[in-house]
Amino acid sequence: MIIPAVLFLVTCFLAYVNGANDNFKGVATLFGSGTTDYRRAIWWATLTTFSGSVCSIFLAETLVRSFSGKGLVPDALTASPTFLLAVAAGAGLTVMLATLTGFPVSTTHSLTGALVGSGLLAVGAGVDFANLGSSFFLPLLFSPVISLLLGAIFYRLVQALEARSEVDESRCICIGEVEYATEYATDSLQPALALNRVALPDVSVDTVANCAVHYRGGTLAIKTQRALDLSHFISAGSVCFARGLNDTPKIVALLLVVRALGLRWAMISVALGMAVGGLLSARRVAETMSRKITPLTRTQGLTANLVTAALVIFASRMGMPVSTTHVSCGSLFGIGLITKQANTRVVSEILMSWLITLPVAMILGGAAYYILSFG
């Protein structure tokens with residue numbers, strides 16, 4: 001009875017760190033483009049992710065079976081609470097480390113690595129590597145490449161559509177202050193000069209984004225973008241919904257052996273854990289996703305969200321374990337390549353964090369299984 005209870009708690013911990021690392025990814029474009037502030041963005045992410053989690057009860061049974069380990073390791077092992085506890089612990093610790101350092105990593109990758117690490121220690125050659133490659137690695141490998149290409153292609157189409165319809169960025173009157181440096185003498189006997197900062201009023205015409213970056217004070221926009229902003233909110237919500245639909249069953253799969261809980265209550269428990277994790281601990285990953293990969297306009301954010309939501313929802317219905325992290329970052333990378341504003345240093349750091357996620361999760365999952373079984 002103790003092991004199933006601990007398994008439930010550790011799985012809820014995994015759901016918490018999943019929410020902390022993943023919940024904000026769907027609304028990162030809202031925050032990064034200045035469409036809304038952090039607080040509204042995270043609440044919108046929480047509500048829409050929770051909705052996706054609830055719908056996964058009815059729409060994502062294939063993913064539940066995949067991440068219970070069936071087909072990857074012998075069936076007898078997938079019914080072992082000790083094995084599933086080791087998987088949950090390995091994946092949870094991996095995602096927690098990434099969240100604390102602000103890197104957007106894949107919970108799917110972490111679970112896969114922990115399954116393999118625990119499985120290797122438990123049954124060695126009994127791990128089905130052929131199934132691992134076709135059912136797990138290929139979707140994880142190709143999903144960010146596909147999203148990058150689609151993000152770049154769709155943004156090119158959006159640019160062409162804007163040009164044909166003569167739609168341009170809204171201009172605004174920026175009213176604020178600009179600081180100037182002036183010189184003054186520090187001593188009458190020693191005419192050394194120092195700099196003094198003086199703030200003077202300034203008015204200019206520029207884009208809303210540039211006004212917000214370079215000036216202090218209010219910004220008075222001539223044109224409103226309510227329709228675009230509403231579409232942007234809906235697209236961000238659809239990404240979060242898709243993430244809840246895709247990620248919840250993967251975590252719930254670890255609780256199948258806790259028969260007293262039931263599938264629906266397991267789904268609800270995981271959904272609540274993800275919601276609380278996002279609300280309390282998402283800030284560091286939010287800054288990386290929103291502001292460090294590439295500067296975003298509202299149109300770019302909307303394009304990235306539509307690509308991400310479409311791919312993740314399609315993958316969920318097909319039972320393919322893609323990573324929302326990889327798909328959402330891939331679409332942002334693609335747009336950044338088109339605009340030539342992608343932060344290559346941050347992109348390379350994120351890619352490196354993806355490469356080490358799998359081996360780290362394997363090591364932690366294997367270590368957890370060793371401690372639980374032989375410690």
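**Entry 1: T107**

I began with T107 and placed T107 in helix 7 (residues 107-123); helices here are DSSP runs of H or I with at least four residues, strands are runs of E with at least two, and both are numbered from the N terminus. I worked on a predicted model, in which local features need pLDDT of at least 70 and side-chain atom pairs count only at pLDDT 80 or more, while totals for chains, interfaces and linings use all residues. Residues are numbered from 1 along each chain as its sequence is written, and side-chain values use heavy atoms, with hydrogens and water left out.

Is T107 buried or exposed? I noted T107 as buried because its relative accessibility is 3%; buried means under 20% relative accessible area, exposed over 50%, and partly exposed in between, with a 1.4 Å probe and protein chains only. I then listed the contacts of T107 beyond its neighbours within four places in sequence, and found L14, N18, D22 and V95; a contact means heavy atoms within 4.5 Å.

**Entry 2: the whole protein**

I recorded 15 helices and three strands in the protein. Of the 375 residues, 49% count as buried. I took the accessible surface as about 17600 Å², with 66% of this area belonging to carbon and sulfur atoms; such areas come from the Shrake-Rupley method with a 1.4 Å probe, and for residues only the protein chains shown count as cover. Among contacts between residues at least 6 apart in sequence, 84% join residues at least 24 apart.

I located A45 in helix 3 (residues 38-59). A45 is buried, since its relative accessible area is 0%. Leaving aside neighbours within four places in sequence, I found A45 in contact with N23, V27 and C240. I also checked A45 against L279: the two are 234 residues apart in sequence, and their C-alpha atoms are 9.0 Å apart in space.

I next looked up L9, which lies in helix 1 (residues 2-22). L9 counts as exposed because its relative accessibility is 58%.

**Entry 3: salt bridges**

How many salt bridges does a search of the whole structure find? I noted eight, a salt bridge being a side-chain nitrogen of Lys or Arg within 4 Å of a carboxyl oxygen of Asp or Glu.

I examined D229 and R298, whose closest N and O atoms are 2.7 Å apart in a salt bridge. This pair links distant parts of the chain, with D229 in helix 10 (residues 226-252) and R298 in helix 13, 69 residues apart. Both D229 and R298 are buried.

I turned to D247 and R243, which form a salt bridge at 2.9 Å, N to O. D247 and R243 both belong to helix 10, four residues apart, about one turn of the helix. D247 is buried, as is R243.

I then looked at E349 and R345, a salt bridge with its closest N and O atoms 3.0 Å apart. E349 and R345 are about one helical turn apart because four residues separate them in helix 15 (residues 344-374). I noted E349 as partly exposed, because its relative accessibility is 31%. Across the structure, salt bridges that share partners join D22, K25, R243, D247 and K250 into one network.

**Entry 4: helix packing**

Two packed helices are described by the angle between their axes and the distance between the axes. The axes are lines fitted to C-alpha atoms, for helices over the stretch in contact, and angles run from 0 to 180 degrees between N-to-C directions.

I recorded helix 10 and helix 11 (residues 263-281) as packed at an angle of about 115 degrees, with axes 9 Å apart. On the helix 10 side the contact is made by R243, G244, D247, T248, P249, I251 and V252, and on the helix 11 side by L263, A266, M267, V270 and M274.

For helix 13 (residues 298-318) and helix 14 (residues 324-339) I noted an angle of about 145 degrees and axes 9 Å apart. Residues in this contact include Q300, T303 and A304 of helix 13, and T324, V327 and S328 of helix 14.
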